[in-house]
Amino acid sequence: MELPVLNFPSYDFRLREEGGRAEIFDEWRKIWVRLTPEEWVRQHAARWLKEEKKYPAGLTSLERTIRVNGMTKRCDVVAFGKSGEPVLIVECKAPDVRITQDVFDQAARYNLSLGADLFFLTNGLNHYCCRADHEGKKYHFLKELPPYQY
């Protein structure tokens, strides 16, 4: 699989070919997972949060199961504060998927369930960050994701 260059720093990942398919080692879940274009973005985003934005790996969860309108969904990345409250959700898409209003709405629905202050949308090439105003029921776009401070 030809891996696209993403708009994240370059990181060393553990990659392998197993049973004719490419896999990447997920250091958060401690398992090998199929290396899809979306997984490539998810692993970069998680590493970027840890390395550049100082979100603690022990307070970050990948593929977190949540309930949205009675349905089970998976949030790509959820980062928690020191007291266990969600502070950030990250929604990842493959590089060839545009970040549209539908993607934004998906993350916003997930955030209604979690109540995080921040959410980050990325396809690995384009990134968008918002701060939730829960009382005003609005979202404010930020120039960049703030570093961990919870």
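**Figure 1. Phe104, Phe119, Tyr139 and Phe141 make up one aromatic cluster.** The model is predicted, so local features require pLDDT of at least 70 and side-chain atom pairs count only at pLDDT 80 or more, while totals for chains, interfaces and linings use all residues. Residues are numbered from 1 along each chain as its sequence is written, and side-chain values use heavy atoms, with hydrogens and water left out. Rings of Phe, Tyr and Trp (its six-membered ring) are paired if their centres lie within 6.5 Å; planes under 30 degrees apart are stacked, over 60 edge-to-face, and the rest tilted.

**Figure 2. Phe25 and Trp32 form an edge-to-face pair.** The structure holds 11 aromatic pairs. In the pair of Phe25 and Trp32, the ring centres are 5.4 Å apart and the planes stand at 65 degrees, which means that the pair is edge-to-face. Phe25 is buried, at 18% relative accessible area, and Trp32 is partly exposed, at 25%; buried means under 20%, exposed over 50% and partly exposed in between (1.4 Å probe, protein chains only). Arg14 lies over the face of Phe25, at 4.3 Å from the ring centre; for such a placement, NZ of Lys or CZ of Arg must be within 6 Å of the ring centre and within 35 degrees of the ring normal.

**Figure 3. Trp48 and Phe120 form a stacked aromatic pair.** Their centres are 5.2 Å apart, with 25 degrees between the planes. Trp48 belongs to helix H1 (residues 37-51) and Phe120 to strand S7 (residues 118-122), so the pair links parts of the chain 72 residues apart. Helices (H or I, at least four residues) and strands (E, at least two) are DSSP runs, numbered from the N terminus. Both Trp48 and Phe120 are buried.

**Figure 4. The largest nonpolar core has 28 residues.** Such a core is a set of buried Ala, Val, Leu, Ile, Met, Phe, Trp, Tyr and Cys residues joined through side-chain atoms within 4.5 Å. Among the members that touch the most others are Trp48, Leu88, Val90 and Phe120. H1 gives the most to this core, with six residues.

**Figure 5. Lys54 lies in the loop between H1 and strand S4 (60-68).** Lys54 is exposed, with a relative accessible area of 54%. Leaving aside residues up to four places away in sequence, Lys54 touches Leu49 and Tyr148, where contact means heavy atoms within 4.5 Å. A polar atom of the Lys54 side chain lies 2.8 Å from the backbone oxygen of Glu51.

Terms used
A polar contact is a pair of N or O atoms within 3.5 Å; within protein, one must be able to donate a hydrogen and the other to accept it, and residues adjacent in sequence count only if both atoms are side-chain atoms.
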